[in-house]
Amino acid sequence: LAIEVAADGITVNTLLPGRIDTPRIAQLDAARAAQTGGAPAEARAASEKTIPVGRVGTPEEFGAVAAFLASPVASYVTGSLVRIDGGAVRAI
């Protein structure tokens, strides 16, 4: 799609979020805690240990990347897959 509409000035990119601090992540942490008999905070801490930056992302961080890609300054960025995952995926 990015190739088809690029000449019309339309950009098409994909955002690939990792663990972003949302109510859904809280639900997943609570479910994991229920499975293991621990506390949700322990499940979250275990999850954060797998993320190179050591924490989950914020909705604001995700939104900033989305806003950048939707802005005129990103008009030359198209057909990209942009990970917002704190380095969790260790491949290019």
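## The E61–R55 pair

E61 is partly exposed, with a relative accessible area of 32%. This is a predicted model, by the way. The partner of E61 is R55: their side chains meet in a salt bridge, 2.7 Å from N to O. R55 is partly exposed too, its relative accessible area being 38%.

## Other salt bridges

Searching the whole structure turns up four salt bridges. One of them joins the side chains of D29 and R19, at 2.5 Å from N to O. That pair links distant parts of the chain, since D29 sits in helix α2 and R19 in the loop between β1 (14–17) and α2, 10 residues apart. R19, at 24%, counts as partly exposed.

Then there's D21, which forms a salt bridge with R44; their closest N and O atoms are 3.1 Å apart. D21 lies in the loop between β1 and α2 while R44 belongs to helix α3, so this pair ties together parts 23 residues apart in sequence. D21 is partly exposed, with a relative accessible area of 36%, and R44 is partly exposed at 26%. E48 joins in as well: D21, R44 and E48 are linked in a network of salt bridges.

## Helix α2 and its buried face

Helix α2 runs over residues 23–36, which makes 14 residues. From its first C-alpha to its last it reaches 20 Å, close to the 20 Å expected at 1.5 Å a residue. Its buried residues are I25, D29 and A33. Looking down the axis of α2, these buried residues fall within an arc of 80°, so they line one face of the helix.

What covers the buried residues of α2 includes α3 (40–48). Over on the other side of α2, P23, R24, A34 and Q35 are exposed. After the helix comes G37, with a positive phi near 80°.

D85 lies in the segment after β2 (81–84). Leaving aside neighbours within four places in sequence, D85 is in contact with G18 and I51.

Notes: Residues are numbered from 1 along each chain as its sequence is written. This is a predicted model: local features need pLDDT of at least 70, side-chain atom pairs count only at pLDDT 80 or more; totals for chains, interfaces and linings use all residues. Side-chain values use heavy atoms; hydrogens and water are left out. Helices (H or I, at least four residues) and strands (E, at least two) are DSSP runs, numbered from the N terminus. Contact means heavy atoms within 4.5 Å. The expected span of a helix is 1.5 Å times one less than its number of residues. Buried means under 20% relative accessible area, exposed over 50%, partly exposed in between (1.4 Å probe, protein chains only). The arc is that of the directions from the helix axis to the C-beta atoms.
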